[in-house]
Amino acid sequence: MKALQYVEVGAPPQIREVPTPEPGPGQVRLKVTAAGACHSDSFVMGLPEDEYLASYPLPMTLGHEGVGIVDKLGDGAEGVSVGDAVAVYGPWGCGTCYACAQGKENYCERAAELGIRPPGLGIDGSMAEYMIVDSPRHLVQLDGLDPVDNVALTDAGLTPYHAIKGSLGKLGPGSSAVVIGTGGLGHVAIQVLRALTPATVIALDVAQEKLDLAKEVGAHHAFLSDASAKDEITRALGKPTVTAVFDFVTIQPTIDLATSLLGVESDYVIVGVGAGTTQVGMLARPYDATIRSPYWGSRGELIEVLQLARAGLVNVETERFSLDEAPEAYHRLHEGTLRGRAVIVP
Ligand code: NAD
Ligand code: ZN
Ligand code: ZN
């Protein structure tokens with residue numbers, strides 16, 4: 001079968017012919033119908049060789065957003081049937097620790113110790129004709145949702161949904177939420193905020209096309225993410241602080257901007273994997289401000305995100321690429337010229 005693999009540290013990923021994988025005991029093989037390209041893949045491919053090799057194998061099939069048709073069941077795999085259209089829940093855990101028992105496999109206490117890695121982020125992922133999923137527990141029925149339009153919900157939907165749910169208690173009437181970076185994750189975050197909260201939503205990005213997209217998907221205001229942003233936000237809200245900031249970039253300039261917008265009891269939610277940092281301390285931030293860095297989301301939350309899509313409340317903007325065109329999708333992601341999410345259709 002064909003697969004998009006990262007083969008050489010620092011070089012672009014390549015389309016290669018590899019053996020079609022067989023499902024082992026308890027595993028499920030999917031015929032992949034769509035796979036999303038995430039900025040985290042670019043981050044991983046940008047790591048220096050020693051850091052990359054400490055955590056990831058070579059070669060590795062990319063893709064941690066995947067949907068497919070159940071194609072073959074390993075011995076003892078139960079709960080799904082051949083022919084089912086399913087989405088892959090990516091942050092696999094052990095299934096038995098306290099976090100996993102709550103469906104929070106993204107925070108599994110034992111995954112590292114047991115060597116359990118997400119597909120595409122440590123073992124072979126979804127950018128191939130077929131992929132192996134370690135357990136039927138990590139599959140959610142699509143139930144009629146279009147695979148290409150919805151594959152990105154497994155990460156670009158689930159991650160902002162989980163991030164926003166943690167701040168829902170604060171985002172009541174009169175509240176405000178800033179979304180920094182309205183790309184794959186950010187443009188879904190805007191829609192989740194509009195669907196779940198009455199907050200005034202302000203989008204910030206460095207590209208005018210991204211600000212246009214932000215307005216189209218529901219942002220009340222959209223401003224350039226530069227030195228003028230704080231003044232623009234102050235003018236729009238009539239005050240200089242906001243209830244919550246969701247940062248999908250997290251480089252030093254966005255961290256500095258986000259922390260300058262915090263007021264008493266504000267939330268600053270760091271989702272991007274940029275290398276910026278900030279200080280906390282009793283007098284370093286307004287009273288009771290919270291800074292957190294959530295990772296992906298729970299199995300239950302993936303089911304909830306798919307329900308939002310079925311209700312028509314979340315629509316992912318997608319640009320389609322064939323598997324052969326997948327290197328180009330990553331190039332466009334790197335350049336920042338994609339509208340929404342790049343989806344590879346094998
Ligand atoms: P993306 O490339 O699709 O979107 C990033 C957006 O940020 C683009 O629209 C870009 O124009 C904008 N941007 C760049 N610099 C900016 C700046 N200074 N100010 C404002 N906007 C700026 O990326 P994505 O796939 O949506 O991923 C976003 C981030 O989230 C990445 O860092 C990714 O690694 C991370 N991520 C984290 C998790 C998690 O679990 N925490 C999960 C998935 C992705
Ligand atoms: Zn991702
Ligand atoms: Zn666990």
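Me: Helices (H or I, at least four residues) and strands (E, at least two) are DSSP runs, numbered from the N terminus. With those names in hand, where is the place of Ser81?

Reply: The model before you is predicted. In it, Ser81 belongs to the loop that runs between β5 (65–73) and β6. Ser81 and Pro136 lie 55 residues apart along the sequence, and their C-alpha atoms are 9.7 Å apart in space.

Me: Is Ser81 buried, partly exposed or exposed?

Reply: The reading rests on relative accessible area: under 20% is buried, over 50% is exposed, and partly exposed lies in between. Ser81 has a relative accessible area of 41%, so the residue is partly exposed.

Me: Why do His64 and Asp155 count as buried?

Reply: The relative accessibility of His64 is 4%, and His64 therefore counts as buried. For Asp155 the value is 5%, so Asp155 counts as buried too.

Me: Which residues is Asp155 in contact with, leaving aside its neighbours within four places in sequence?

Reply: Here one looks for heavy atoms within 4.5 Å. By that reading, Asp155 is in contact with Cys38, His64, Glu65, Pro160, Trp296 and Arg341.

Me: What are the protein donors of the zinc ion (ligand 3)?

Reply: They are the SG atoms of Cys94, Cys97, Cys100 and Cys108, at 2.3 to 2.4 Å from the ion. Their spacing in sequence is C-x2-C-x2-C-x7-C.

Me: Why is the arrangement around the zinc ion (ligand 3) called tetrahedral?

Reply: Four donors count as tetrahedral if all angles lie between 85 and 135 degrees. Around the zinc ion (ligand 3), the four donor atoms subtend angles of 105 to 116 degrees, and the arrangement is therefore tetrahedral.

Me: Which residues come nearest to ligand 1?

Reply: There are 28 residues around ligand 1, and those that come nearest are His39, Asp205, Ser225, Trp296 and Arg341. Backbone atoms take part as well. A polar backbone atom of Trp296 is 2.8 Å from an oxygen atom of the ligand. For Val273, a backbone N or O atom lies 3.0 Å from a ligand oxygen, and for Gly183 the corresponding distance is 3.3 Å.

Me: How many salt bridges does the structure hold?

Reply: Side chains of opposite charge can pair when their charged atoms come close. The structure holds 15 such salt bridges. One of them joins Lys165 and Glu304, at 2.8 Å from N to O. That pair links distant parts of the chain, with Lys165 in helix α6 and Glu304 in helix α11 (residues 299–310), 139 residues apart. Lys165 is partly exposed at 32% relative accessible area, and Glu304 is partly exposed at 31%.

Me: Which parts does the pair of Arg332 and Glu319 tie together?

Reply: Arg332 and Glu319 meet in a salt bridge at 3.1 Å, N to O. Arg332 lies in helix α12 (residues 326–335) and Glu319 in strand β15 (residues 318–322), so the pair ties together parts 13 residues apart in sequence. With a relative accessible area of 18%, Arg332 is buried.

Me: Which residues are linked in a network of salt bridges?

Reply: The network is formed by Glu22, Arg29, Asp71 and Lys72. Within it, the closest N and O atoms of Glu22 and Arg29 are 3.3 Å apart. Arg29 has 11% relative accessibility and so counts as buried.

Me: Finally, which residues of helix α10 (residues 252–260) are buried?

Reply: They are Thr254, Ile255, Leu257, Ala258 and Thr259. The elements that cover them include β9 (176–180), β10 (200–205), α9 (229–237), β12 (242–247) and β13 (262–270).

Technical notes: Residues numbered from 1 in each chain as written. Chains lettered and ligands numbered in written order. Predicted model: local features only at pLDDT ≥ 70, side-chain atom pairs only at ≥ 80, totals over all residues. Heavy atoms only, no water. Buried < 20%, exposed > 50% of the residue type's maximum accessible area, 1.4 Å probe, protein only. Donors = N, O, S within 2.8 Å, 3.2 Å for Na, K, Ca; no water. Tetrahedral: all angles 85-135°; square planar, octahedral: opposite > 155°, others 65-115°. Salt bridge = Lys/Arg side-chain N within 4 Å of Asp/Glu carboxyl O. Near = heavy atom within 4 Å. Polar contact = N/O pair within 3.5 Å; in protein donor to acceptor, adjacent residues only side chain to side chain.
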